[in-house]
Amino acid sequence: MRDGAAIQDQIPDNHCFGCGPQNDHGLQIKSYWRGENESVCEFTPLPHHCAGPTRYLNGGIIATVIDCHTICTAIADGYRQAGRDTGTGNKIWYATGKLEVQYRAPAEIDEPVELTAKILERTERKTVLSCELKSAGRLCATANVVAVRVPDNW
Ligand SMILES: CCCCCCCCCCCCCCCC(=O)SCCNC(=O)CCNC(=O)[C@H](O)C(C)(C)COP(=O)(O)OP(=O)(O)OC[C@H]1O[C@@H](n2cnc3c(N)ncnc32)[C@H](O)[C@@H]1OP(=O)(O)O
């Protein structure tokens, strides 16, 4: 179950490698709200996203999709807290201050990965999130992320 349009499709001018619709060479992940403080994302790896063994997903790609899913969630939450639809009015932008990933099991290259992010804490300046990544129903990575609000000129 997921709510509404993809968060990334509502954020303007995003060229990010992991989540920017404007980046033709990027991963172009899509995140969706699921309720008040939770969001979900499904990403299907391509064969060249592999680790050394071709059957497993590269750890940097795992970190990237977690990074982008959680930061886009923080951005959308920033708009929600401001009482605005995502992408409307003055831009709200967060950058990754901290990304701590624990790799618990390998993720299969030929299976979609499912991410669930939860907002744990928010202040004016930062949002703290946790994230789980599963492949074929198995928990493969968990992460803690600090998203820091940055100005337009960051
Ligand atoms: C506007 C135009 C947009 C157009 C386009 C839109 C695109 C929209 C989609 C983008 C989606 C991108 C998704 C991928 C996101 C990236 O990949 S961003 C790139 C990777 N990240 C970086 O390069 C960040 C580099 N670091 C920095 O710029 C600065 O250190 C930071 C992170 C902005 C923090 O700045 P700062 O001045 O140190 O912040 P500061 O006021 O000291 O701290 C604020 C709060 O954050 C906490 N904090 C800061 N750093 C940390 C840390 N490392 N660990 C823990 N807590 C921390 C502080 O403790 C503080 O907490 P409180 O004391 O308030 O409780």
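Author: Helices (H or I, at least four residues) and strands (E, at least two) are DSSP runs, numbered from the N terminus. Asn 14 is found in the segment before β1 (31-33). This is a predicted model: local features need pLDDT of at least 70, side-chain atom pairs count only at pLDDT 80 or more, and totals for chains, interfaces and linings use all residues. Residues are numbered from 1 along each chain as its sequence is written.

Reader: Is Asn 14 buried or exposed?

Author: Count C-beta atoms, placed from the backbone. A residue is buried if 20 or more others lie within 10 Å of its own, exposed if 12 or fewer, and partly exposed in between. Asn 14 has 21 other C-beta atoms within 10 Å, so Asn 14 is buried.

Reader: Which residues does Asn 14 touch?

Author: Contact means that two C-beta atoms, placed from the backbone, lie within 7 Å. Leaving out residues up to four places away in sequence, Asn 14 touches Gln 8, Cys 19, Gly 20, Pro 21 and Gln 22.

Reader: Which residues come nearest the ligand?

Author: A residue is near a molecule if its C-beta atom, placed from the backbone, lies within 6 Å of it. There are 23 residues around the ligand, and Asn 14, Ile 71, Ala 95, Gly 97 and Lys 98 come nearest. Two or more shell residues come from each of α1 (59-81), β3 (93-103) and β6 (138-150).

Reader: How do I read the largest nonpolar core?

Author: Take buried Ala, Val, Leu, Ile, Met, Phe, Trp, Tyr and Cys residues, and join them through C-beta atoms within 7 Å. Here the largest such core has 35 residues. Val 65 and Leu 133 have the most contacts inside it. α1 gives the largest share of this core, 11 residues. Beyond four places in sequence, Leu 133 touches Ile 62, Ile 66, Ala 107, Val 113, Leu 115, Cys 140 and Ala 141.

Reader: Which way do β2 and β4 run?

Author: Two strands pair if DSSP finds at least two bridges between them. β2 and β4 run antiparallel, joined by six bridges. Glu 38 stands opposite Lys 118 in β4.

Reader: How many bridges link β4 and β5?

Author: Nine, in the antiparallel sense. Ala 117 has Cys 131 in β5 as its bridge partner. β4 and β5 form a hairpin, with three residues between them. In a regular strand, side chains alternate between the two faces of the sheet.
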